[in-house]
Amino acid sequence: MSTPAYEKLELYIDGKFCQGSTGKSQDVVNPATHKTLGKVPHASREDLDRALAAAEKGWLAWRKVSPFERSKLLRKAADNLRARAETVATCLTQEQGKPIAEARMEVAVSADVIDWFAEEGRRAYGRIIPPRIEGVRQMVLMEPVGPVAGFAPWNFPVSQMLKKIAPALAAGCSIIIKCPEETPGSSVGVIRCFHDAGIPAGVVNLVFGVPSDISTHLIPSPIIRKVSFTGSVPVGKHLAEMAGRHMKRVTMELGGHGPVVIFEDADVEHAATLTAAAKYRNAGQVCISPTRFFVHEKIYDKFVGRFVDLANAVEVGNGIEPDTRMGPLANPRRRDAIEAFVGDAVDHGGKVAAGGKRIGNEGNFYAPTVLTEVPEDARIMNEEPFAPVAVMTRFMDFDEAVRRANRLPFGLAGYAYTRSAKTATAIADCLDVGMVSVNHHGLALPETPFGGVKDSGYGHEGGIEGLAPFLIAKFVTQAGV
Ligand code: NAD
């Protein structure tokens, strides 16, 4: 079977695919080969204004379409995505670097995300509140919040854009989605699925460009009623501040620093196998990636030894090759970042137990890495590495593990391994995070809520919680005349 061609890169405004009005663009580079794949057009201010006008018009029409009809069109878009899965997944691997099996999985789950919200949109129930006066009806109606400005990241471009587009459309909103300039082809491929499903013009709009130019233009616009961002904590805080100044509703899916507690009674083989697979998935560029490992001192050597073996066995290469288990870092910034994190950890007395170096001269490859003996004042113990590096530390008792796991301002995902139901319940209660996964890696399904606490953000994507941010409750009280 021949490899599908890379996607034609275009903006999508008011139901039409187009180039930017000024002709400005930037190269898209394959992170495995450093070869240029194409040029992504930048939206000018004029293009953004057209997208805003289209989103307003699209919303006014789309909100009148019944949830039942909206659901049918969304399901068509999901079916289109399934039918084109191989094209979109190939494009994703070429531009982002992840192994093709991971790209296929991302596309498959993303189609399920559309289906999930297509169904949930039909269940956006309001309620009747018993009145104090006879003959009065007190109703709560759930209405779409309005045009949304969405910002999706490059690590899971397909699933992250759909976790914004699908609930927005299911709720009756329109959306302008800014997708990542580094990985635009898969985003365009997804938007074609909506276009071909017959979603009316203006309901979905896709733009690329200079991220700060786009956010400073869209967020203050009176047309935009809601902002949804996935990305780093500093950018999230900046955008939340801007949204606050303009009184816009906000969902923020930001970074994490996943603590993993391996208790004395854990099944070591099971824990090492699952956590190593999760750690090196997407080369660690995952906001819920397990990163700080707290391993009970009695099983520390056994667990770390097994984890190091698994790290050394990961097949690193171009994601398009079927045997590859870990691709390159998505961009040179991330490779430079991991080098700096590892260098700083070693300067602080840390030891490299696996990896700790670049691989080859072509592409952004970095070996799956395990660090030990890293003190808590090293950068990697405090900042999100977003890279294929696991840091192993020992703990002596439950309270110490909890205190250290909860030490950072992040609060996204936490993990624990234990054979004791009592310990499992206790650790799930004590981890100060938005999601806990015990004895397996079971987060980020379409039907389950995904979101953080503290600096990791607020609001949810996924689950029934994922629809709510796109709805507002309107209260109507009505008396008979
Ligand atoms: P970055 O902070 O420069 O950018 C993060 C994302 O925000 C990118 O998608 C970028 O296009 C966007 N962005 C940046 N400035 C923006 C602005 N002013 N307005 C709108 N969007 C803007 O970092 P990066 O090097 O691209 O990514 C690395 C960091 O981002 C990681 O350390 C990680 O914490 C974070 N990240 C998190 C997630 C997540 O799933 N939560 C996803 C991707 C990146």
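**Exercise 1. Find the residue in S6 that is the bridge partner of Arg 127.**

Step 1. In S6, Arg 127 has Val 140 as its bridge partner. The model is predicted, so local features need pLDDT of at least 70, side-chain atom pairs need 80 or more, and totals for chains, interfaces and linings use all residues. Numbering starts from 1 along each chain as its sequence is written, and side-chain values use heavy atoms, without hydrogens and water.

Step 2. Step back to the strands. S5 and strand S6 (residues 136–144) pair antiparallel over three bridges. Strands (E, at least two residues) and helices (H or I, at least four) are DSSP runs, numbered from the N terminus. Two strands pair if DSSP finds at least two bridges between them.

Step 3. Three strands form an open, antiparallel sheet in the order S5-S6-S20. Its edge strands are S5 (127–129) and S20 (471–479), and each pairs on one side only. From one strand to the next, the twist averages 25 degrees.

**Exercise 2. Which residue of S4 stands opposite Gln 26?**

Step 1. Strand S3 (residues 25–29) and strand S4 (residues 36–41) run antiparallel, joined by five bridges.

Step 2. Opposite Gln 26 stands Val 40 in S4.

Step 3. Look at the hairpin. Six residues lie between S3 and S4, and His 34 takes a positive phi near 65 degrees.

**Exercise 3. In what order do the seven strands of the open sheet with mixed pairing run, and why does one side of each edge strand lack a neighbour?**

Step 1. The order is S14-S15-S16-S13-S12-S17-S18.

Step 2. Strands S14 (351–354) and S18 (435–438) stand at the edges, each with a single partner strand, so one side of each has no neighbour in the sheet.

Step 3. Direction ignored, neighbouring strands of this sheet are turned by 25 degrees against each other on average.

Step 4. Check one pair. S12 (residues 258–262) and S17 (residues 413–417) run parallel and are joined by three bridges. The bridge partner of Ile 262 in S17 is Tyr 417.

Step 5. Helix H9 (residues 268–280) lies across S12, S13 (290–296), S15 (369–372), S16 (389–395) and S17, at about 160 degrees to S13. Helix H10 (residues 300–313) packs on the sheet, touching S12, S13, S14, S15 and S16, and makes about 175 degrees with S16. Contact means heavy atoms within 4.5 Å. Angles run from 0 to 180 degrees between N-to-C directions of axes fitted to C-alpha atoms, for helices over the stretch in contact.

**Exercise 4. How many residues surround the ligand, and which are the closest?**

Step 1. The count is 21; the closest are Trp 154, Ser 215, Ser 232, Arg 333 and Glu 384. A residue is near if one of its heavy atoms lies within 4 Å.

Step 2. Sort the shell: 10 nonpolar, six polar and five charged residues.

Step 3. A ligand oxygen is 2.2 Å from an N or O atom in the side chain of Glu 384. A ligand oxygen is 2.6 Å from an N or O atom in the side chain of Ser 232.

Step 4. Name the elements. Helix H7 (211–218), strand S10 (226–230), helix H8 (233–245) and helix H11 (332–347) give two or more residues to the shell. H7 gives the most, with three residues.

Note on methods. A polar contact is a pair of N or O atoms within 3.5 Å; within protein, one must be able to donate a hydrogen and the other to accept it, and residues adjacent in sequence count only if both atoms are side-chain atoms. Ala, Val, Leu, Ile, Met, Phe, Trp, Tyr, Cys and Pro count as nonpolar, Asp, Glu, Lys and Arg as charged, and the others, Gly among them, as polar.
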